[in-house]
Amino acid sequence: MKIERIELSLLKLPFVHFFETSFGREEERTFILVKAYAEGICGYGEVVAETDPLYSYETTSTAWLLLKDYLIPYVFKKSIIHPQEFYEGVKKYKGHPMAKAGLELALWDLQAKKENHPLWKVYGGIKTEIPSGVSVGIQDSVTQLLERIHLFLNQGYQRIKIKIKPGWDIDICNEIRKEFPDILLQADANGAYSFNEKEILKKLDAFNLLMLEQPFPPYDLWDHSRLQMEMKTPLCLDESALSADSVRKAYEMGSCRIINIKAGRVGGIVEAIKIHDFCQENSLPVWCGGMLESGIGRAHNLHLATLQNFKFPNDLSASKRYYAEDLIEPDIKISSQGTIKVPNSPGIGVSPQENRIKKATLKHEVFKP
Ligand code: OSB
Ligand code: MG
């Protein structure tokens, strides 16, 4: 398929409720939307890089630069391009997985639309409904946090993930367990602890957590493996699970017992599937993380989560949990059983709304061969 045009848009969407992690509080999401056109079809992808380099070194500006100067020119240089080919071809450029993933996702959507199949069928998924969990940020008070947990449980979410940081950890888990002794509960530190704070983390073993996500900073595998030896709670890697190769090393070192897969973090669907397959062969369960994507990125995540080894509720919540008006129709809904139906129309299977995209656009650029 010859790509005739690629468009980048920088969009800003306000959250319905602020989202606070150990990095700080965000009131809105700014991200890059990628559109790739061929034969009258448009494929959509989303770059998960944020405005500031807090989750990883990438930002919306670095991703825009990589796309403009390297990744888009590569696509135009090749006259026929399959996402797999794109993955192989841009490997030579070091790093910048989020920029690569955004364009690869657009090529996957395009490919699936051309084959007239929903994405999940194109890459071999097996599920039609995805178990849904919700990631609850740090709140102004424990009361507010408990209220939000109540709200989400009433909406049907199968598990609650809370964000922790030094000072918002043990006491918070204690309060939650007093109110909700039996819910599926997990904690995500986004790398906020250092190894010399491990005695605090070990206290989390008292709360029967499903997992503890990324206690130590990104890129680390060694300290995670030392902590896992001393904790019964399974550790899960997010920021440190950078590629199939780093996941293999994490497995061999015993750095975790669970892997959070995000196509954006690892450079796209091809790498995400490699991680999935490696984990499946080695009995390491995975689940699908999120980066507060718009409905476009989230639809991609839903398709990915249809693969067999996704074994836990995912950070895939309903549109209205994030945005007053999502970019797609129909919006993503959660059933009373706490699941989300995988769209079955071709490609991502949902319809991006051009009028809403336009309204949210801060910057736009069109690229042609
Ligand atoms: O660590 O999983 C994370 C959002 C932005 C950046 C990092 C993370 C998150 C979330 C939100 O936890 C998950 C979601 O999209 O629902
Ligand atoms: Mg995380």
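Let me begin with Glu-213, which is buried, at a relative accessible area of 0%. Buried here means under 20% relative accessible area, exposed means over 50%, and partly exposed is in between, with a 1.4 Å probe and protein chains only. Some ground rules: this is a predicted model, in which local features need pLDDT of at least 70 and side-chain atom pairs count only at pLDDT 80 or more, while totals for chains, interfaces and linings use all residues. Residues are numbered from 1 along each chain as its sequence is written, chains are lettered from A and ligands numbered from 1 in the order in which they are written, and side-chain values use heavy atoms, with hydrogens and water left out.

Glu-213 belongs to strand S8 (residues 212-213) and Asp-238 to the loop between strand S9 (235-237) and helix H9 (244-253), so the pair ties together parts 25 residues apart in sequence. Helices (H or I, at least four residues) and strands (E, at least two) are DSSP runs, numbered from the N terminus. Asp-238 is buried as well, also with a relative accessible area of 0%.

Another buried residue is Arg-159, again at 0% relative accessible area. Arg-159 sits in strand S6. Beyond its neighbours within four places in sequence, its contacts (heavy atoms within 4.5 Å) include Ser-132, Gln-186, Trp-287 and Asp-315.

Next, the sheet. Four strands make an open, antiparallel sheet in the order S3-S2-S1-S15; two strands pair if DSSP finds at least two bridges between them. At the edges are strand S3 (41-47) and strand S15 (361-367), each pairing on one side only. On average, neighbouring strands of this sheet are turned by 25° against each other, direction ignored. Axes are lines fitted to C-alpha atoms, for helices over the stretch in contact, and angles run from 0 to 180 degrees between N-to-C directions. Strand S1 (residues 5-21) is joined to S15 by six bridges, and Leu-11 has Thr-361 as its bridge partner in S15. Helix H1 (residues 60-77) packs on the sheet, touching S1, strand S2 (24-38), S3 and S15, at about 150° to S1. Helix H3 (residues 97-115) lies across S1, S2 and S3, at about 150° to S3.

Which element gives the most to the lining of the largest pocket? That is S2, with five residues. The pocket has a volume of about 470 Å³, and among its 29 lining residues, Phe-19, Thr-21, Arg-29, Glu-50 and Leu-292 are the closest to its centre. On a 1 Å grid over the protein atoms alone, a pocket is an open set of points with protein on both sides within 12 Å along at least five of seven lines, a cavity is a set where a 1.4 Å probe fits but cannot get out, and lining residues have an atom within 4 Å of a point. Grid points are joined across faces, edges and corners, and a volume is the space filled by probe spheres set on the points.
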